[in-house]
Amino acid sequence: MDYIKPDYKNPKLLAQFVSPHTGLVYKKHITGLCEQMQVAVEREVKRAQAAGFMSTKIIEIHYLKDPQLFDPARPSRRNPY
């Protein structure tokens, strides 16, 4: 059975396994890869980022979930309208 090996020089292939929002590699339960291939993909993504073939833009995870500023069901002031 032939399959495509992940290679750091093929960023289009590796980009399928990387979140465009965070730059992190998707976990195995999302990609559907076996353990051996998942490890290979993660290794090649890191190599591609180090070589400059892929971006390393990573948004801090704690910025993805902003705290709730107020409870819309219980406002502090009445709406005048």
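Visitor: What volume does the largest pocket have?

Guide: The largest pocket has a volume of about 200 Å³. Among its 10 lining residues, Gly-23, Leu-24, Val-25, Glu-42 and Lys-46 are the closest to its centre. A pocket is an open set of points on a 1 Å grid over the protein atoms alone, where a 1.4 Å probe fits, with protein on both sides within 12 Å along at least five of seven lines; lining residues have an atom within 4 Å of a point. The volume is the space filled by probe spheres set on the points. This is a predicted model: local features need pLDDT of at least 70 and side-chain atom pairs 80 or more, while totals for chains, interfaces and linings use all residues. Residues are numbered from 1 along each chain as its sequence is written, and side-chain values use heavy atoms, without hydrogens and water.

Visitor: Now salt bridges: how many does the structure hold?

Guide: The structure holds 3 salt bridges, each a side-chain nitrogen of Lys or Arg within 4 Å of a carboxyl oxygen of Asp or Glu. In one of them, Glu-35 pairs with Lys-28, with the closest N and O atoms 3.1 Å apart.

Visitor: What about Glu-44, and which residue is 3.5 Å away by closest N and O atoms?

Guide: That partner is Arg-47. Salt bridges that share partners join Arg-43, Glu-44 and Arg-47 into one network.

Visitor: Is Glu-44 buried or exposed?

Guide: Glu-44 is buried, at 5% relative accessible area, whereas Arg-47 is partly exposed, at 41%. Buried means under 20%, exposed over 50% and partly exposed in between, using a 1.4 Å probe and protein chains only.
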